[in-house]
Amino acid sequence: SYKVKKTYDRYAKIYDFLVAHPLYRRGVEKALNQALAEIPVPKEILDLGCGTGLASEVLLRRFPHARLNGLDYSEEMLKVYGKKFPNSTILIGNFNTREILSFPRKGRVNLENCFDLIVSTGALSEYGEFDKALPLVYSMLKENGHLINVENRDNKLFTKISEFLWSYKSQKMESLRDACKNAGFSDIRTIETPGSLIFTRYMKYVVIARKQKHN
């Protein structure tokens with residue numbers, strides 16, 4: 001929504017500072033690496049809801065030869081992202097409306113069957129309208145491509161604070177898993193990454209889903 005976009009535009013220049021807590025970053029990296037170990041090496045990656053690129057940093061370390069693409073709804077976040085990842089392709093748009101354009105020139109792009117891997121950390125399952133966003137994600141993946149979604153586990157204190165600050169509503173792992181099935185995904189797996197510290201317990205469940213190859 002426009003409210004969400006303005007919130008992220010406002011905090012873009014200090015966003016990396018806001019998420020810089022090492023336990024938070026370590027939690028994201030741990031969950032993402034655990035999921036990435038279960039999929040084939042991708043050639044073309046989309047960081048969906050890329051923000052300033054926390055997930056992209058992990059992706060490029062693991063797959064240095066992959067082509068990286070970043071998609072976000074906030075122009076200000078994408079400006080920061082572009083400086084950090086100058087060799088990436090940058091896209092702007094709302095995955096709930098399918099209005100996705102190149103950035104900064106904002107030309108129309110065809111993204112069907114483009115990506116081997118689409119990763120979302122704190123975007124798809126927080127801001128996604130599943131009946132709209134997941135069919136789009138499915139269409140953007142190549143056959144046998146994978147979606148990886150990393151989301152917060154239910155930690156009442158920190159989840160409620162985060163939902164208030166960033167204007168979202170957390171979705172349960174079971175809801176996303178069922179929505180992936182309804183969108184046509186197969187081989188849907190889930191991972192939970194428990195931690196003994198409050199910030200790692202605050203993060204992480206992962207849903208991995210594959211776009212099946214049609215015979």
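Modeller: Tyr-15 counts as buried, at 16% relative accessibility; buried means under 20% relative accessible area, exposed over 50% and partly exposed in between, with a 1.4 Å probe and protein chains only. Tyr-8 is buried too, with a relative accessible area of 13%. This is a predicted model, in which local features need pLDDT of at least 70 and side-chain atom pairs count only at pLDDT 80 or more, while totals for chains, interfaces and linings use all residues. Residues are numbered from 1 along each chain as its sequence is written, and side-chain values use heavy atoms, leaving out hydrogens and water.

Across the whole structure, a search finds four aromatic pairs; rings of Phe, Tyr and Trp (its six-membered ring) pair if their centres lie within 6.5 Å, and planes under 30 degrees apart count as stacked, over 60 as edge-to-face and the rest as tilted. The pair of Tyr-8 and Tyr-15 is tilted, because the ring centres are 6.2 Å apart and the planes stand at 50°. Tyr-8 also forms an edge-to-face pair with Tyr-127, with 6.0 Å from centre to centre and 85° between the planes. Since Tyr-8 lies in helix α1 (residues 2–11) and Tyr-127 in helix α6 (residues 124–127), this pair ties together parts that are 119 residues apart in sequence. Helices (H or I, at least four residues) and strands (E, at least two) are DSSP runs, numbered from the N terminus. Both Tyr-8 and Tyr-127 are buried, and Tyr-8, Tyr-15 and Tyr-127 form one aromatic cluster.

The sheet comes next. Strands of a sheet pair through backbone hydrogen bonds, either parallel or antiparallel. Here, eight strands make an open sheet with mixed pairing, in the order β4-β3-β2-β1-β5-β6-β8-β7; two strands pair if DSSP finds at least two bridges between them. The edge strands, each pairing on one side only, are β4 (99–102) and β7 (186–192).

Strand β6 (residues 141–152) is largely enclosed by the rest of the structure, because nine of its twelve residues are buried. Strand β5 (residues 115–121) runs parallel to β6 and is joined to β6 by six bridges. With strand β8 (residues 204–210), β6 pairs in the antiparallel sense over seven bridges. His-146 in β6 stands opposite Leu-117, and the bridge partner of His-146 in β8 is Arg-210.
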